[in-house]
Amino acid sequence: MELSERKKKILRAVVENYIQTAEPVGSKAIMELAGLKVSSATIRNEMADLTEMGLLEQPHTSAGRIPSPKGYRLYVNELMEAHKLSIQETERINEALHLKMAELDKIIDQAGRVVSRITQYPTFALATGAKRITIRRFDLLMVESNAFIVVVMTDNNVVRNKLVRLPSEMTEPQLQLLNTLLNSTFVGLTLSEITPELMRVTSHAAGEAYGLISLVVSFAMEVLEELENQSVHTAGVANLLAHPEYRDLNRAQPLMEYLSDELDTARLPIPQDGKTQILIGPENVAEELRDTSVVLASYDIGDNMRGIIGVVGPTRMDYAKITARLSYFADGLSRLFGREELPPADPKKEE
């Protein structure tokens, strides 16, 4: 769609002012914001043209204009200037990134929470692309003569533990023998591969050994099943209420319930490395998101896995700022998983 430079300036001014105020924008405000040396009548005519083109909307007869989803899309594709992160913003994000934890699911959950704090919008986070999760190691730690702790570590660095109490006493050498058996037999197997191996091993075991092997391996299978059915982590859903569009609880509640309980990420696009993806209004597949925008970024976890973070908010969101922060954060996570250094703060960047 070809627009004159004046129309582009007016559209940009409407979008950016509406992002800041959540109020329809009139011709007088546009004159000041766009720096146009033309009359209010001329600006009104241009705004009328933009409305006919479907780029602006007029919520009330006497009101100013607001952007339409089509107008936001043109703004994002052609008019939006890249947001330069300040030193304070990069330091804040780097500080959050250094809180990296050992377990993948906790990293994903923490990443979503951090992005929600940074952006002040609801977020969701998940991992995708894992085709094969296996047990890397078993550790059995004696607590008492009739109790020990099972520690299971997977090949994607998730660690789980469980206290096991026994009906009779067990010696340290017996526990270490069991530990050796588990690590020589069940390491490197997927969930589907463990079951037949368990049946084979236990068919040759007797008495207490049978029960102990089954108990420990069953716990490992629970861990693998949990990871294969990894849920979506959401954070900051209540942040919606801080925005004018959702101060009406009748409008906010369905979206909040969807984000908390029913969010379906199966049909979301996965952004390419180093890029973000923006879905505006009707571009979202889910009906519950048709009046919102979603900004997505992905990061490399390694082992054929990618993490995905999405920010959900009104179509009025500040796309330039959100994409800059989300892209920087995702790039930092990729660097952390790759054991590289974090991206340095650029002293030349200003708010």
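Modeller: Glu257, Asp261, Glu262, Glu287, Glu288 and Asp291 form a negative surface patch. Keep in mind that this is a predicted model.

Colleague: What makes this patch negative?

Modeller: Its members are Glu257, Asp261, Glu262, Glu287, Glu288 and Asp291.

Colleague: Let's turn to the backbone. Why does the phi of Ala22 deserve a remark?

Modeller: Most residues other than glycine have a negative phi. The phi of Ala22, however, is near 60°, a positive value in a residue other than glycine. Ala22 lies in the loop between α1 (5-21) and α2 (27-34).

Colleague: Is Ala22 buried or exposed, and how do you know?

Modeller: Buried means under 20% relative accessible area. Ala22 is at 14%, so Ala22 counts as buried.

Colleague: What about Gln120?

Modeller: Gln120 also has a positive phi, of about 65°, although Gln120 is not a glycine. Gln120 sits in the loop between α6 (104-119) and β3 (123-128). With a relative accessible area of 45%, Gln120 is partly exposed, because that value falls between the 20% and 50% limits.

Colleague: Now the charged pairs. Why is the contact of Lys8 with Glu5 called a salt bridge?

Modeller: The rule asks for a side-chain nitrogen of Lys or Arg within 4 Å of a carboxyl oxygen of Asp or Glu. The closest N and O atoms of Lys8 and Glu5 are 3.7 Å apart, so the pair meets the rule. Lys8 and Glu5 are three residues apart in helix α1, and are therefore separated by about one helical turn. Glu5 counts as exposed, because its relative accessibility of 53% is over 50%.

Colleague: How many salt bridges does this rule give?

Modeller: The count comes to twelve. One of them joins Glu89 and Arg325, at 2.4 Å from N to O.

Colleague: What makes the pair of Glu89 and Arg325 tie together parts that are apart in sequence?

Modeller: Glu89 lies in helix α5 (residues 87-97) and Arg325 in helix α11 (residues 319-337), so the pair ties together parts 236 residues apart in sequence. Both partners fall under the 20% limit for burial: Glu89 has a relative accessible area of 9%, and Arg325 is at 15%.

Colleague: And how do you know that Glu197 and Arg200 form a salt bridge?

Modeller: Their closest N and O atoms are 2.5 Å apart, and the limit is 4 Å, so the pair qualifies. Glu197 and Arg200 are three residues apart in helix α8 (residues 191-202), with about one helical turn between them. Arg200 counts as partly exposed, at 44% relative accessibility. Elsewhere, salt bridges that share partners join Arg6, Lys7, Glu46 and Asp49 into one network.

Key
Residues are numbered from 1 along each chain as its sequence is written. This is a predicted model: local features need pLDDT of at least 70, side-chain atom pairs count only at pLDDT 80 or more; totals for chains, interfaces and linings use all residues. Side-chain values use heavy atoms; hydrogens and water are left out. Patches are made of residues with over 30% relative accessible area and no salt bridge: like charges are joined within 9 Å, nonpolar side chains (Val, Leu, Ile, Met, Phe, Trp, Tyr) within 5 Å. Accessible areas come from the Shrake-Rupley method with a 1.4 Å probe; for residues, only the protein chains shown count as cover. Lys and Arg count as positive and Asp and Glu as negative; His and the chain ends are not counted. The place of a charge is taken as NZ of Lys, CZ of Arg, CG of Asp or CD of Glu. Helices (H or I, at least four residues) and strands (E, at least two) are DSSP runs, numbered from the N terminus. Buried means under 20% relative accessible area, exposed over 50%, partly exposed in between (1.4 Å probe, protein chains only).
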